[in-house]
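Let's take a walk through this model, starting with some charged side chains and ending with strands.

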Amino acid sequence: MSTRCFRTAAALSAAEKERRFRVIVKSPQVKIAHHWQISNFKRGSTILAQTLYTTSLKAESTDRPNIILILADDLGYSDVGFNGCNEIPTPRLDELAGEGVVFTNGYASHPYCSPSRAGLLTGRYQQRFGHEGNPEPDPQWHGEDTPGMPLSETTLADALKEAGYVTGAVGKWHLGDAKPFWPNRRGFDEWFGFSGGGLSYWGDLGRKDSLVGVHRGDEPVDRKSLTYLTDDFSTEAVKFILRHETEPFFLYLAYNAPHAPDQATRAHLQKTAHIEYGGRAVYGAMVAGMDEGIGRVVDQIRESGLGDNTLIVFYSDNGGRREHAMNLPYRGHKGMLFEGGIRVPFLVSWPGTLPSGVREQSPVTALDVFPTVLAAAGLDPTKNEKLDGQNLLPGLTDAGTELPKRPLFWRYSMGDDSYGYAVRDGNWKLVDSRYKNRKLLFDLANDPWEREDLAEQHPEQVDRLSRMIEAWDAGNVPPKWHDAHGVNVRKEEDSRTEAVEKAARGERARPDWDLNSMIEPVPARAKFIDEDFYIWGGSMVRDVDGTCHLFYSRWPRESGHNAWVTHSEVAHAVSDDPLGPYHFVDVALTVRGEQLWDGMCTHNPTVHEFDGKYYLYYMGNTGDGEPTRKLNMVHRNNQRIGVAVADHPNGPWKRFDEPLIDISEDASASDALMVSNPSILRRDDGTFVLIYKAVGKKRRMPFGGPVVHLAATSQSPTGPFRKQNKPLFTAPGVAFPAEDPYIWFQDGMCWAIVNDHKGRFNGTGSDSLALFQSIAGLHWEPANSPLVTERIIPWADGTQQSVHRLERPQLYLEDGKPTMLFCAAEETKEKLHSFNVHLPLRQTGD
């Protein structure tokens, strides 16, 4: 095959050009003849009347080409011979490629099944009409809210049927299980296949409703008449051709291969007997079986004398699936907006009309199929203004005409008003990934594998492409329903992070901090105490003038220790030195009314400066305001996490009416009862990780439990945060091993100081502080030197004070290095008083 960056089709004779151009609407031979209407029906009622225009060709209607649109399901880019695969035999597809045009930059309009098919069959971005997720299997009609391709949409079959084509659908549909969505109600005269997204290749339904099984029209097919669905679909396609070989037809042949489940006949498995990896061998057999079936279809076209009058399009609905498929050399897989998720095997063949043996490098999309087929059928696609695709025929048949140049867009829904986006404009591609929670920029001309993120080097391109996405997205609508994509993305990325971290755990040369050896004697001025208040925990930040601002919890001593849950407030003190002495200035977060989530109590602050603004994270609650001998459980179980924002540590602090982290609505969730005690860091990619304490409802109320720590991620310090539901800092056999983590990013790693309740992590066997580390802040393990300190304060006068509690650790970092450890201290277990102590850390110069 030849490769074209520009037009390299062989020169054609004038007569040949004239014959080929008769299918091009803009040809002088073509003239507008009449208008027609397409009507879709829902329960027998007309819901759309759209005026289009057709063309009248000098040729007879029997000269109009037959159209065969063949769809593979989850086929990897490099799993076909015409894209370089030497492992899986695809001789019939390779033959089609040799007779036609291969689009090396051919794209699906969505990275997974149902939305991709909706775009293909409407010629429109599926986000225009809310079809952005896979519909859950449900054959019942629930009115307009039923998941499925909206009945207001015109399909390619609708258009071709109105133009006089016989239309047939064979195979997987996946555009709605309820009958109004079925193919034989969406423009197809005939249908043999199943409505859902997946089915046993043997036709077994198990406990599924018979309505989601294989049908011929409205009638279910006897399971005993089925053999292997790939073979059955190929057979039905051949029979359709035989029935309609004397009239123009449109055949939509949508295989479910090589989508899971992994099932193949022994005959097909013989084709991949040389593949040693079993999973890949089965997957390859499924591809080879599909290839054989496509060969049978092509053979029948030729035997019927229709070879030169049949336009065949072959394409995969999205990139190859994560297991067994290969999208090499491209990054990613199905579900992603990296090239491996959306760049697909894509070819078109029309012997005698389209050039042969061409590898076209211009980007094209599945949305182009609709207008291209309309043009080939003698219809004018430009009269349908709703189409987002472009007619490719002029560029494919005229050596002097280039294929359309336009940006291509993608979007997927995460199900929580969050979306992943991508745009390709020329060779620039921006991916706003929810897998990575950041924007990545690639130059596909020099890096088609998307290995080098250029976002920092070219912020102007990031800004330009982001604005293009925003403008395109303004014409989209929210999804009409949601699927599990968002949940699966988070699970997959979490699993990847865990695997990466596990692989590096044995590395000896990883960064290390021995904070215990860095603790220096503590001067008396580093003790911050107030005779009238309990003081608990402190977090310090320095302003641009060098003043140290300490934010801490305090509540009246007369109310008792447990009044922290009803009467705590976040107070503000200042000093010229991080060690102190500190002097009270004001209350940063005051009582603001029991009607608000944090209106009665604010507690356990941690303060940070990000990009010139100050962020004060805290726990807040509300309730009756009554201190009790034991904890007031109304207040305790109303704990939520918030953030206040200011331009200066002196305030004013802007608080929000809704929590930053709220409890989960799912009663079985680990944070279904309460959330508290936030700590946050910013990773080197600019994204944020927040860790918080959580209590569920699985154990006896009102205390609930278990008590765990969870992580959440965001692109912004004010959210929205996406929860990662795996408990952190766990120890076998210990119900509540850790508390009060302080986290920070340094030396390419995430670090945490944690209150080690049982001394399980640092080896002390008693309540103390332990150091953890993590690659991405989502999976933690004890550091090389896990002991930070036991419950001992080394005073500068040479004495050592053992205290009942030394916890709520917070660090002050200067030039990115820990210089001060702030802790809350309680002298005796009677809890009569508490104070803050600031432990200086020796700087090693390393």
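E498 is partly exposed, with 28% relative accessible area; here buried means under 20%, exposed over 50%, and partly exposed anything in between, using a 1.4 Å probe and protein chains only. E498 pairs up with K726 in a salt bridge whose closest N and O atoms sit 2.6 Å apart (the criterion is a Lys or Arg side-chain nitrogen within 4 Å of an Asp or Glu carboxyl oxygen). K726 is partly exposed too, at 33% relative accessible area. Since E498 belongs to helix α12 (residues 485–503) and K726 to the loop between β31 (722–724) and β32, the pair ties together parts that are 228 residues apart in sequence. Those element labels are DSSP runs numbered from the N terminus: helices are H or I over at least four residues, strands are E over at least two.

A word on ground rules: this is a predicted model, so local features need pLDDT of at least 70 and side-chain atom pairs pLDDT 80 or more, while totals for chains, interfaces and linings use all residues. Residues are numbered from 1 along each chain as its sequence is written, and side-chain values use heavy atoms, leaving out hydrogens and water.

The structure holds 50 salt bridges in total. Another one joins E95 and R302, at 2.8 Å from N to O. That pair bridges helix α2 and helix α7 (residues 278–303), 207 residues apart. E95 counts as partly exposed because its relative accessibility is 29%, and R302 does as well, at 36%. D73 sits in the loop between β4 (66–72) and α2 (91–99), and K172 in strand β7 (residues 166–172).

Now for the strands. β28 (residues 674–682) is mostly covered, with eight of its nine residues buried. Seven bridges join β28 to β29 (residues 688–695), and the two run antiparallel; strands count as paired if DSSP finds at least two bridges between them. R682 has F688 in β29 as its bridge partner. Five residues separate the strands of this hairpin, and G686 in the turn has a positive phi of about 90°.

Further along, four strands make an open antiparallel sheet in the order β32-β33-β34-β35. Its edges are β32 (738–746) and β35 (781–789), each pairing on one side only. Inside that sheet, β34 (residues 768–774) and β35 share four bridges, and L769 has T789 in β35 as its bridge partner.
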